[in-house]
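Open the model in your viewer and keep the selection tool at hand. The stops below say what to select next and what is there.

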Amino acid sequence: NKSTYILGIESSCDDTSASVICNGKILSNVVANQEIHAKYGGVVPELASRAHQQNIVPVIQQAIQQANIDKKDLNAIAFTRGPGLMGSLLVGTSFAKSLSLALNIPLIAVNHMQGHVLAHFIEDENQQKPPFPFLCLTISGGHTQIVKISDYFTMEVLGETLDDAVGEAYDKSAKILGLPYPGGPLVDKYARLGNPKAYKFTKPKVDGLNFSFSGLKTAILYFLQKQVKENPVFIEENLNDICASIQHTIVEILFDKIKLAVKETGIKHVAIAGGVSANSEIRKVLKETESKYGWTTYIPKFEFTTDNAAMIAIVGYLKFINNKYDTNKTSATARLKV
Ligand code: KG4
Ligand code: ZN
């Protein structure tokens, strides 16, 4: 049995990451987060590309070192082609191309969103892989999609957000509350200590399986402005309840749609993926659908929720064993469909 080693490179947003996997099993998964964006309250594209430029060589070296292999053992290089920030994507793309040329091994372009979904196929004794077809709710800082996955390479977007992504709804709400970027994990943390029914925010009315989150952000802003006028320390005094109520509304919006998707497709295998799938309430509510509705659910390990290169490497591996290669002509693409 021959070993196949794939190097994955991810640089679509503000995390520089490299991972080596062997026959679908992780040997290393190094992620360098960019602290620089916190003080600006969001990702600054120009600063992100510069940080990738600084991080990419050490991150890749570390990934190869931790995997305890020689770079000559690599069979292919997989990289994120898009979607993402152009300047950020270019760093990973150019590096991947150069290395594939230098090592004379194939280059495999990967769609970042496909990576989030197929992270469920990383080999792990403790994780069950979803059978085809299954539904995946892919929720991140840039995307909110319900995807039907018929096989590794056949994905259909059944619904998506018409405006803000759910991660943006979290981060923008957090910003209004005076919390630092990225605020999603903090809202989640305070929400666990609060009353989810303390305040009520209206849910958007959107047809079919699409989502909308921009109205929620505005509703939260107006609500808080009004309260703070009457009580300047309203936010400080009620932070847990506010976060719990926001989280409750977001989770209801998501589950109304995923329930509809299950009803419409008849598919009861449901996975979550993307940065927001780290959310404790979303994980809990999804798990509860197993006994409540008879669904089978697939919840990723924390390390594979937010952006990482292992999810790019696994797509690279699946493409490699199916002889799906790319050439040095592939280019970074900021807007790329699944
Ligand atoms: O997938 P990801 O790392 O990057 C994109 O591709 O966008 O997702 C990042 C997003 C951010 O909006 C962050 O606030 C959110 O995931 N996030 C969370 C949690 N952990 C990360 N949102 C809610 N609850 C969490 N626990
Ligand atoms: Zn992502």
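**First stop: histidine 112**

Select histidine 112: beyond its neighbours within four places in sequence, histidine 112 is in contact with Ser12, Thr80, Gly82, Pro83 and Gly84 (contact means that the C-beta atoms, placed from the backbone, lie within 7 Å). Histidine 112 belongs to helix H3; helices (H or I, at least four residues) and strands (E, at least two) are DSSP runs, numbered from the N terminus. Histidine 112 counts as buried because 26 C-beta neighbours lie inside 10 Å. A residue is buried if 20 or more other C-beta atoms lie within 10 Å of its own, exposed if 12 or fewer, and partly exposed in between, with C-beta atoms placed from the backbone.

This is a predicted model, in which local features need pLDDT of at least 70 and side-chain atom pairs count only at pLDDT 80 or more, while totals for chains, interfaces and linings use all residues. Residues are numbered from 1 along each chain as its sequence is written, and chains are lettered from A and ligands numbered from 1 in the order in which they are written. The chain averages a pLDDT of 96, and 100% of the residues score at least 70; pLDDT is the predictor's confidence in each residue, from 0 to 100. For the complex, the predictor gives an ipTM of 0.98 and a pTM of 0.95.

**Second stop: the annotated trio**

UniProt positions are given in the numbering used here, feature names are shortened, and annotations may be inferred rather than shown by experiment.

Aspartate 307 sits in the loop between strand S10 (296-298) and helix H9 (310-321). Is aspartate 307 buried or exposed? It counts as buried, with 27 C-beta neighbours inside 10 Å. Apart from residues within four places in sequence, aspartate 307 is in contact with Glu10, Ser12, Cys13, Asp15, Ser17 and Gly275.

Colour domain 1 (5-120 + 305-321) and domain 2 (129-299) separately; the bounds come from an automatic or database domain assignment. Their centres, taken over C-alpha atoms, are separated by 27 Å. The contact takes 15 residues from domain 1 and 20 residues from domain 2. On the domain 1 side, helix H3 (residues 112-118) gives the most, with five residues.

Now select ligand 1, which 18 residues surround, the closest being Ser140, Gly141, Gly167, Gly184 and Gly275 (a residue is near a molecule if its C-beta atom, placed from the backbone, lies within 6 Å of it). Helix H4 (166-176) and helix H5 (184-191) are the elements that give two or more residues to this shell. Domain 1 and domain 2 each supply at least three residues to the shell.

The unreviewed UniProt entry also lists, as "binding site", residues including Ile139 and Asp171. Isoleucine 139 lies in strand S6 (residues 134-139) and is buried, with 30 C-beta neighbours inside 10 Å. Aspartate 171 is in helix H4 and is buried, with 26 C-beta neighbours inside 10 Å. Beyond four places in sequence, aspartate 171 is in contact with Gly141, Tyr181, Pro182, Gly183 and Gly184.

How values were computed. Contact = placed C-beta atoms within 7 Å.
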